[in-house]
Amino acid sequence: MKNTVSTNTVSINTVSTSTVSTDTITGTRREVRRDILGAPALRPDGADKVQGKFAFSSDIWAEHMLWGATLRSPHPYARIVSIDLSAAFDIDGVEAIITAVDVPGKKTYGLISSDQPVFASDFVRYVGEPVACVAADHPETCRRALAAINVIYEVLTPLTDPERALLPETPKIHPDGNMLRYQKIICGDQTIQGEIIVENTYELGMQDQAFLGLEAAMAFPDSGGAGVDLVIATQWIHEDQKQIAACLDLPVDKVRVTLGGVGGAFGAREDISLQVHCCLLALKTSRPIKMQYSREESFYGHVHRHPAKIWIRHHATNEGIIQRIESKMVFDGGAYASTSAAVLINGITHIQGPYKCESATVHGFAVRTNNPPCGAMRGFGVVQACFAHESQMDKLAVACGLSPVEIRLRNAMRTGDKLITGQVIESVAPVERCIRETDAIPMPVPLARDANPLELVGGSGLTSLPQNIVRGVGWGVSIKNLMYSEKFDDYATARCQLHDGIVNLKFATAEVGQGFVVLAPQIARSVLGVDEVILDPVDTRIGSAGSTSASRQTWMSGGAVDGACRLVREQLFEHVGKIHNIDPLRLVIEDTDIVDMIGDFRISVIDASTGAHFDQTFEHHHRPTEELDENGQGNCHVAFAFVAHRAVVDVDVELGLVKVIQIATAQDVGRVLNPIAAIGQVEGGIAQGLGLAVMEEIVLDNGKIRNPSFTDYLLPTTLDMPDVIAVLIEEPEPQAPLGAKGIGEPPCISVTPAIAAAIRNATGRDLPRVPIRPQDICL
Amino acid sequence: MTPNTEVYQLNVNGKKCEVRDAWIGESLLYVLRERLGLPGAKGACEQGECGSCTVIMDDQAVCSCLVMAATAIDTEISTVEGLSVDGKLTDVQDAFVNEGAVQCGFCTPGLVVAVHNLLDTSPTPTDIEIKEAISGNICRCTGYGRIFEAVRSAAATRQETNK
Ligand code: FES
Ligand code: FES
């Protein structure tokens with residue numbers, strides 16, 4: 001196989017034939033002539049992907065390459081007494097072994113605070129922490145070499161209980177201490193006691209992103225070690241570049257990062273995993289290094305969703321109007337900081353949910369333990385908050401004698417309402433509409449007495465008797481911030497070139513599966529009236545696009561592409577105006593032509609741009625945000641999106657088995673830019689939220705993952721997925737460059753509490769913890 | 001790695017392929033990807049749980065991560081690379097692209113192979129048959145909705161063309 005650094009450059013030719021597309025979401029038919037914004041444009045990488053031709057990072061191969069592999073700590077907490085590499089060096093085919101002493105630059109890295117060692121040298125703080133790396137001629141040689149490295153540890157007592165990490169007397173397990181962040185929110189009247197008071201403590205287990213394409217990269221060293229090229233599956237190539245360069249002690253421009261094909265991300269590729277190791281081995285051996293994690297290693301090799309424990313008390317009037325929230329939230333950050341500080345802020349600032357509330361007393365803690373590090377995962381702290389506030393809404397509904405829908409409608413927030421941080425919601429906020437439109441979706445037909453046994457709970461196991469099956473219905477509604485918060489300027493850059501009717505777009509936006517590669521050409525076609533758009537490789541030869549996370553790329557990189565295309569359009573109009581002696585301000589794009597709004601001049605964009613070359617780069621910045629003050633007050637978020645979910649489940653109350661029958665949802669999306677891509681995000685997010693509700697949990701035993709495989713960590717399959725009926729609510733967001741809000745995260749947030757509520761409805765149980773396991777239902 | 005001096009032959013996509021100097025413990029997935037230049041089959045669990053590595057061996061869909069390559073001699077192996085002829089997409093591939101069944105695409109080659117196998121053996125599958133048939137293929141991105149649509153649409157197109 002002689003496929004070296006192929007970077008999946010895509011070129012798309014659309015023919016301007018008239019196609020009638022069926023809008024999959026609303027079922028309405030609309031006429032779309034070209035693949036512009038709003039059209040159900042198809043992915044340009046689709047044909048390669050279905051043929052197995054698309055090069056994922058793990059598919060890259062190079063002459064003379066070596067394989068890299070990582071030795072990891074077997075202990076959650078231990079002191080390294082000694083490391084003996086000699087036996088491993090003796091193995092035929094081993095070319096290099098590196099440890100902490102081989103790191104030329106900064107010995108640590110981290111997204112927010114740099115507290116994680118490239119290799120552990122004094123202490124290991126979680127099971128799976130890297131201690132050494134080897135480079136060898138074959139993966140099997142690597143495995144043998146790792147087994148031959150002799151590390152002597154003095155095993156210490158790990159800190160695995162997050163609540164114990166809060167106690168001042170608990171010994172510090174890291175020089176930076178055990179508190180990753182504390183933040184409170186104090187707002188309004190701190191003395192209010194409601195006529196109705198409901199409280200409970202909720203817990204969420206640790207969820208894995210479980211992207212399918214395992215961590216993989218290939219590093220190519222410059223001759224003489226002056227620099228390195230890294231091709232990698234990541235979410236944010238510029239952040240990788242910055243952190244790698246610091247650890248390698250190289251100038252940033254000597255670390256050139258190119259995006260390899262990415263097999264999903266969901267937050268797990270935002271942190272450094274094998275980046276630095278792979279580059280170090282390449283520089284050490286002067287040969288290309290391929291590194292690829294196994295599934296087990298992947299469970300140890302990336303951050304997870306924070307497990308959380310949330311105590312929460314709601315004060316409300318007899319009519320169910322929320323007056324005050326009190327809460328204490330504890331997030332287990334694991335051994336290193338990653339993005340815990342930001343996850344915590346998302347958690348506490350979303351604890352009121354999409355409901356008005358004037359007073360709050362919230363204390364949030366993100367703590368360090370000897371559990372696996374936690375960081376970003378789709379929903380980022382809001383998933384945890386939402387499970388708590390939505391469970392509370394149902395309690396409140398019962399206490400006030402209201403339906404789950406009515407209690408939510410009575411409290412639904414609107415544009416102009418103030419959050420408990422003092423921030424005013426300026427975004428379009430169709431919370432009430434989300435609830436009403438979800439409520440209007442028809443319920444599934446009742447379970448037939450003679451239903452196909454395969455359709456029952458338990459499926460082909462044929463375990464369930466129809467008389468033991470109870471159906472339940474539950475609700476969840478959520479609010480989610482978009483983009484980065486707390487003063488972070490996560491801008492995005494794009495370059496647009498137009499020549500001879502062809503547009504080249506360049507940006508550093510990581511395509512992880514979400515579909516920016518289909519959206520970007522749609523934008524260019526809409527703005528510039530072209531049909532042919534070529535996407536240049538995604539690498540660090542342009543400014544940052546920020547991370548593919550926080551539901552931000554449609555808004556941010558979309559805004560950057562739109563901005564660059566608009567600048568080119570201005571140049572094009574000036575060029576045409578000059579030649580044809582027309583005021584450029586009178587020119588507009590109509591389909592694929594430039595036309596004079598007042599006169600009858602018309603020229604095709606192809607003709608107008610033939611022989612010319614326009615080239616513009618644009619940075620899109622969102623509006624600035626603020627840090628929270630001591631009392632948790634401040635305009636810390638950019639914008640918000642909303643969604644409602646209704647779940648219908650069948651529960652075998654005797655066996656504790658659950659089958660989700662239907663998810664109905666209405667999501668506030670601002671504007672649908674591509675209905676196929678949008679529904680894909682909605683359905684995919686729902687699957688992950690369903691996983692957290694009833695299946696997915698990393699089970700820890702004294703800091704060790706008990707189930708680091710797809711055999712034991714259960715992911716939703718086709719048989720677990722219900723019918724999803726989705727309505728996309730289009731109320732364009734004035735702040736958003738394209739009117740569209742991010743749609744990636746909301747789908748996975750409130751579906752989890754909706755399913756939990758449906759199971760409570762069927763069983764009458766309290767079920768304060770997800771995932772809900774069979775024993776929680778039937779024992 | 002001390003190579004095995006044996007040479008063995010695999011029949012892949014109608015071609016005879018020689019495997020030389022290989023360690024005898026290599027899986028079929030590894031040999032296809034790393035030795036024969038066929039990276040279409042993907043590894044995501046290497047435990048037979050995710051179906052990303054699905055290939056056809058003597059008309060049976062198998063997880064190539066669970067097959068020792070050296071035991072696959074004398075079988076007919078077809079991979080995703082062998083499906084389309086002259087770059088023209090098959091009905092199943094076409095349906096996957098058109099219905100939006102592809103996001104990151106890592107699960108896609110395995111699914112495409114599995115769906116071909118399903119439709120070859122059961123051309124008019126019911127919804128529950130579709131779900132059962134591809135329940136061994138995990139997709140983390142799509143939630144399967146568009147994948148079902150793709151399978152339904154491919155089955156319908158096939159029936160149309162076979163009329
Ligand atoms: S890699 Fe073979 S089944 Fe997952
Ligand atoms: S499309 Fe990403 S795993 Fe299926």
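How far apart do the C-alpha centres of domain 1 of chain B and domain 2 of chain B lie? In this predicted model, they lie 23 Å apart.

**Stop 1**

Select residues 5-80 of chain B, which the domain assignment gives as domain 1, and then residues 91-161, given as domain 2. Where the two meet, 15 residues of domain 1 and 11 residues of domain 2 take part in the contact. The area buried between these domains of chain B is about 960 Å², and carbon and sulfur atoms give 63% of it.

Next, display K42(B), T54(B) and V80(B). Within domain 1 of chain B, these residues lose the most area to domain 2, together accounting for 39% of what that side buries.

**Stop 2: polar features between the domains**

Between domain 1 and domain 2 of chain B, the count of salt bridges is zero.

**Stop 3: chain A against chain B**

Bring both chains into view. Here 65 residues of chain A are in contact with 52 residues of chain B. The area buried between the chains is about 4700 Å², with carbon and sulfur atoms giving 58%. Select V50(A), L212(A) and T718(A): they supply 16% of the area that chain A buries against chain B, more than any other three residues.

**Stop 4: charged and polar pairs across the interface**

How many salt bridges are counted between chain A and chain B? The count is five. To view a salt bridge, select E683(A) and R146(B), whose closest N and O atoms are 2.7 Å apart.

**Stop 5: the helices of chain A at the interface**

Finally, select helix 1 (46-50), helix 3 (139-148) and helix 15 (675-694) of chain A, the elements that give two or more residues to the side touching chain B. Helix 15 gives the most, with eight residues. By class, this side of chain A has 27 nonpolar, 24 polar and 14 charged residues.

Notes
Residues numbered from 1 in each chain as written. Chains lettered and ligands numbered in written order. Predicted model: local features only at pLDDT ≥ 70, side-chain atom pairs only at ≥ 80, totals over all residues. Heavy atoms only, no water. Contact = heavy atoms within 4.5 Å. Buried area = accessible area lost by both parts, 1.4 Å probe. Salt bridge = Lys/Arg side-chain N within 4 Å of Asp/Glu carboxyl O. Helix = DSSP H or I, 4+ residues; strand = E, 2+ residues; numbered from the N terminus. Nonpolar A, V, L, I, M, F, W, Y, C, P; charged D, E, K, R; others polar. Domains from an automatic or database assignment.
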